[in-house]
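Subject: A structure for you to look at

Hi there,

Here is the structure I promised to pass on to you. Please open it and keep it beside this email while you read.

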Amino acid sequence: RSKLKQNNIVDQDEIKVTTLKNIQLTMAEKRQTENYAKGNWIVFNQNTKGTKAGTRLEILGHEKGKILVRTAKGNEILLSTEKAASYHVYEARDIYIAKGDKIRITGNGKAIGGKHLFIGTVFKVTGFDKSGNIKLSNGSVIPKDYGYLGMGYVLTSHASQGKTVDKVIISQSSMSFRASSK
């Protein structure tokens, strides 16, 4: 990326974006409040009584066997782990992106205007609007707080499955040859 910036393929001016990475807690781990770190996020993946799918709660800590969270409106509430099957826990990480960068969608969602965004899709950043929202090469604009983003320069083999490419590089042991197809 530094080389791309030196060659003016990626702009020098960049913005900080907070991304969300699922920390893959098991159901048993989600029931133990000590596994909820301050600064992490709970994101509901299905509707529950009083909470809609997509709701994000910032974790502030835990007390009295419950998780202390902050709602989007700024209210602090205690959340029981009884709803653990309805949400995932994410770690917040900051990345810097600029016009010209390639970013990968890491969670399904919608762009501003309703266009669907699918996990694993890679887009080029074409710029930012006045509010700091991110303009993509497909014409979509995603909110600056979308969260489900990563850099799109390098993909794992799992993330690249199903992509159309001209060249593939494989590194595997000779012990795996029999398990590979021609």
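This is a predicted model: local features need pLDDT of at least 70, side-chain atom pairs count only at pLDDT 80 or more; totals for chains, interfaces and linings use all residues.

Four lysines, K99, K102, K124 and K135, form a positive surface patch. You can find K135 in strand β11, which covers residues 134-136.

Next come two residues with a backbone angle worth a look. N8 has a phi near 60°, which is a positive value in a residue other than glycine. To find N8, go to the loop that runs between α1 (2-6) and β1 (14-22). N8 has 62% relative accessibility, so it counts as exposed.

Q24 also has a positive phi, near 55°, and is likewise a residue other than glycine. Look for Q24 in the loop between β1 and α2 (27-30). With a relative accessible area of 59%, Q24 is exposed.

One last stop: is T51 buried or exposed? T51 sits in the loop between β2 (41-44) and β3 (56-63). Its relative accessible area is 13%, so T51 is buried. Leaving aside residues up to four places away in sequence, T51 touches F44, Q46 and K83.

Best wishes

Terms used
Residues are numbered from 1 along each chain as its sequence is written. Side-chain values use heavy atoms; hydrogens and water are left out. Patches are made of residues with over 30% relative accessible area and no salt bridge: like charges are joined within 9 Å, nonpolar side chains (Val, Leu, Ile, Met, Phe, Trp, Tyr) within 5 Å. Accessible areas come from the Shrake-Rupley method with a 1.4 Å probe; for residues, only the protein chains shown count as cover. A salt bridge is a side-chain nitrogen of Lys or Arg within 4 Å of a carboxyl oxygen of Asp or Glu. Lys and Arg count as positive and Asp and Glu as negative; His and the chain ends are not counted. The place of a charge is taken as NZ of Lys, CZ of Arg, CG of Asp or CD of Glu. Helices (H or I, at least four residues) and strands (E, at least two) are DSSP runs, numbered from the N terminus. Buried means under 20% relative accessible area, exposed over 50%, partly exposed in between (1.4 Å probe, protein chains only). Contact means heavy atoms within 4.5 Å.
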